[in-house]
Amino acid sequence: MNQATQAKPLDAMAFFEQSAGTWHSQRTTHHLPFRRAELGGSEIYVETLAADDPRVVEICQMHEIDPAEASGGAFVRWNGSMQWDRENDENHAGSTVFAIVPDANDPSRGKMLRERGYAEVVPVAGRYELDDDGGMILITEYETMSSIERFWFPSSGVRMRTSTVKRFGGFSTATFCTESRLEETPDNLDTNPDASAEASQPFYSVLGW
């Protein structure tokens, strides 16, 4: 496995091309009002999509954005568990498709379109930007909550993420994830893209992973 430091991506699609493949994620979520931490893990499959992929076109149309403005997108499927899950009563599994629409004058910034959000079952458009250190920052505002996430690659086989989720009623969580690239796709992850499949219990990540 190549552990060399990744080159800084020049645009969002270059960043997500680095994410293509299968990953094992270990996460720690801090529930700030309760001063307690919860451990969890998941297996994640990421596939990049071309700008003319029908799923990318469909999401742009859903958001009333010209599909010609999209640079591409991705399909993500995940399957995981959290420490506080009740036996047979929690299901952290699902999939999502999203589209990338860069700003016309700055490809390092733009919109990230999803077919539906986690807090509301309506299409959601977040904002992304690449920072000077090669990380990607994602900001999503819902009617009842907001989230800020940052992804970066210490090496080609390791991806890291921090996120904060704030509910407007005052409840907040902070999460740190370390993800390692797997050589093969686990059998329990169906890699057949299906835009209609959705998570029944989300991790409150813009991307679902």
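Mentor: Buried means under 20% relative accessible area, exposed over 50%, and partly exposed in between, with a 1.4 Å probe and protein chains only. Helices (H or I, at least four residues) and strands (E, at least two) are DSSP runs, numbered from the N terminus. This is a predicted model, in which local features need pLDDT of at least 70, side-chain atom pairs count only at pLDDT 80 or more, and totals for chains, interfaces and linings use all residues. Residues are numbered from 1 along each chain as its sequence is written, and side-chain values use heavy atoms, with hydrogens and water left out.

Trainee: Which residues of helix H2 are buried, and which exposed residues are on the face turned away from them?

Mentor: An α-helix has 3.6 residues a turn, so residues three or four places apart point the same way. In H2, residues 54-62, the buried ones are Arg55, Val56, Ile59 and Cys60. They cover an arc of only 135° around the axis, which puts them on the same side of H2; the arc is that of the directions from the helix axis to the C-beta atoms. The face turned away from this buried side carries exposed Pro54 and Gln61. After H2 comes Glu64, with a positive phi near 60°.

Trainee: What confidence does the protein have?

Mentor: pLDDT is the predictor's confidence in each residue, from 0 to 100. The protein has a mean of 79, and 75% of its residues reach 70 or more. Confidence is lowest in E3, at a mean of 81, and highest in H2, at 94. Over residues 190-204 the pLDDT is below 50, yet this stretch has 48 contacts in the model beyond near neighbours in sequence. Contact means heavy atoms within 4.5 Å.

Trainee: How many residues does the largest nonpolar core have?

Mentor: A nonpolar core is a set of buried Ala, Val, Leu, Ile, Met, Phe, Trp, Tyr and Cys residues joined through side-chain atoms within 4.5 Å. The largest one here has 19 residues, and Phe15, Phe16 and Phe98 are among those with the most contacts inside it. Helix H1 (12-19) and strand E2 (36-49) are among the elements that each supply at least two residues of this core. H1 gives the most, with four residues. A second, separate core of 12 residues includes Val56, Cys60, Ala70 and Val101.

Trainee: How many disulfides are found?

Mentor: A disulfide is a covalent bond between the sulfur atoms of two cysteines. The criterion is a pair of cysteine sulfur atoms within 2.5 Å, and a search of the whole structure finds zero. Cys60 counts as buried, at 0% relative accessibility, and Cys177 counts as buried at 0%.

Trainee: Which residues are linked in a network of salt bridges?

Mentor: Side chains of opposite charge can pair when their charged atoms come close. A salt bridge is a side-chain nitrogen of Lys or Arg within 4 Å of a carboxyl oxygen of Asp or Glu; by this rule the count is seven. Asp106, Arg109 and Glu129 form a network. Asp106 pairs with Arg109 at 3.4 Å between the closest N and O atoms, and Glu129 meets Arg109 at 3.2 Å, N to O. Glu129 lies in strand E6 and Arg109 in strand E5 (residues 106-114), so this pair ties together parts 20 residues apart in sequence.

Trainee: Are Glu149 and Arg161 buried or exposed?

Mentor: Both are buried. Glu149 forms a salt bridge with Arg161, with the closest N and O atoms 2.9 Å apart.
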